[in-house]
Amino acid sequence: MHTLSYTSDYQEGMHPKILQALTDTNLLSTPGYGTDSYSESARSLIRKACDCPNAAVHFLTGGTQTNAVVIDTALAPYQGVIAAQSGHISLHEAGAIEYTGHKVIELAQADGKLQAETIRSFCETFYKDENHEHMVMPGMVYLSQPTEYGTLYSLAELTAIREVCDAYQMKLYLDGARLAYALAAEGNDVTLPDLAKLCDIFYIGGTKCGCLFGEAVVLPDPSLIPHFFTMIKQHGALLAKGRIAGIQFETLFTDDLYTEVGRTALEAASLLRTILKEKNYQLVYENPTNQIFVILDNKKMEELAESVHFGFWEPYDETHTVVRFATSWASKLQDVELLRNIL
């Protein structure tokens with residue numbers, strides 16, 4: 001039997017429709033740096049999907065690169081970015097944000113989510129301090145949808161956080177590396193037009209959602225970061241063969257493929273979640289997206305690792321470990337059924 005892989009959602013290459021589109025256009029000669037017709041078509045499709053006709057859309061290659069470029073260019077030199085303690089920029093980006101010279105201000109989270117009142121309380125305390133001019137000013141709030149725990153912000157929660165950002169002149173930035181899996185999730189009430197209205201900046205993830213690589217940064221108000229194209233270049237993040245990213249996003253936003261890839265992953269995750277519960281495995285977080293966190297006895301974990309790939313998350317106690325199973329756009333229900341037998 002072949003080894004089953006649920007380590008992450010970017011293990012496979014790309015969706016077959018994207019591969020076909022890249023193959024069909026492979027020998028064409030087009031202008032570089034995303035100035036080609038395919039990239040412009042992708043931008044138009046994304047603007048339409050976001051109901052934001054004036055938005056600027058820029059294509060970068062990966063999530064950490066995108067976070068670093070956006071946060072660095074959007075903040076003043078004396079500002080930092082608020083994030084959950086469990087946030088991706090807090091834990092899993094090797095200090096990329098700090099490397100740009102901006103502090104990540106970590107706040108307590110609940111199920112991976114920042115609460116509006118937590119942010120408000122921090123800001124109130126900050127500005128009441130007579131020495132706050134000697135301190136790192138909060139200039140942005142960073143969220144991800146879904147969170148690192150696979151949980152979702154509701155529209156009401158995002159709106160409340162937006163209100164706090166407005167009260168303290170902070171930008172709201174949303175990391176959408178796994179956004180397809182949030183948009184397709186049961187119970188989700190946040191749409192792309194909602195994000196365009198509430199966020200100063202957000203990105204639509206491709207690398208983890210069916211692309212070979214790529215993230216689409218959306219600035220609903222292009223004047224927020226003047227000359228963002230030039231700043232991308234300055235950070236070494238401007239792709240010369242920009243049409244490769246453009247074609248991928250044009251394909252994703254044609255015939256609702258972005259939603260389709262999300263649903264495929266969630267169907268597999270739902271079946272896997274059901275199987276785990278049937279077999280009395282304990283889930284750590286209840287979430288509707290494609291990441292499943294399970295407590296395994298360490299001996300069982302070692303046995304399972306012989307035939308199934310999954311991700312280490314954190315120790316639970318001396319004899320148990322929390323592991324993560326992540327489904328993707330390429331996950332097959334028949335493989336999940338094979339996993340049922342192994343479990």
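Here are legends for a few close-up views of this protein chain, which is a predicted model.

**View 1. The whole chain, before zooming in.** Let's start with the overall picture: the chain has 14 helices and 13 strands. Its radius of gyration is 20 Å, close to the 20 Å that the globule rule gives for 343 residues, so the chain is as compact as a globular protein of that length. Along the principal axes, the C-alpha atoms fill a box of roughly 55 × 55 × 35 Å. Buried residues account for 55% of the 343.

**View 2. Asp9 meets Arg178.** Side chains of opposite charge can pair when their charged atoms come close. A search of the whole structure turns up ten salt bridges, and here the side chains of Asp9 and Arg178 form one, at 2.5 Å from N to O. Asp9 sits in the loop between strand 1 (4–5) and helix 1 (16–24), while Arg178 sits in the loop between strand 6 (171–175) and helix 8 (179–183), so the pair ties together parts that are 169 residues apart in sequence. Are these two partners buried or exposed? Asp9 is buried, because its relative accessibility is 0%. Arg178 counts as buried too, with 7%.

**View 3. Lys113 holds on to Glu157.** In this salt bridge, the closest N and O atoms of Lys113 and Glu157 are 3.1 Å apart. It's another link between distant parts of the chain: Lys113 belongs to the loop between strand 4 (104–107) and helix 6 (116–128), Glu157 belongs to helix 7 (residues 155–167), and 44 residues separate them. Lys113 is buried, with a relative accessible area of 14%, whereas Glu157 is partly exposed at 24%.

**View 4. Lys277 and Glu286.** Now look at the salt bridge between Lys277 and Glu286, where the closest N and O atoms are 3.4 Å apart. Glu286 has a relative accessible area of 54%, which means Glu286 is exposed.

View 5. Zoom in on Glu302, and you'll find Glu302 in helix 13 (residues 298–304). Glu302 counts as exposed, because its relative accessible area is 56%.

Key
Residues are numbered from 1 along each chain as its sequence is written. This is a predicted model: local features need pLDDT of at least 70, side-chain atom pairs count only at pLDDT 80 or more; totals for chains, interfaces and linings use all residues. Side-chain values use heavy atoms; hydrogens and water are left out. Helices (H or I, at least four residues) and strands (E, at least two) are DSSP runs, numbered from the N terminus. Buried means under 20% relative accessible area, exposed over 50%, partly exposed in between (1.4 Å probe, protein chains only). The radius of gyration is taken over C-alpha atoms; the globule rule is 2.2 Å times the number of residues to the power 0.38. A salt bridge is a side-chain nitrogen of Lys or Arg within 4 Å of a carboxyl oxygen of Asp or Glu.
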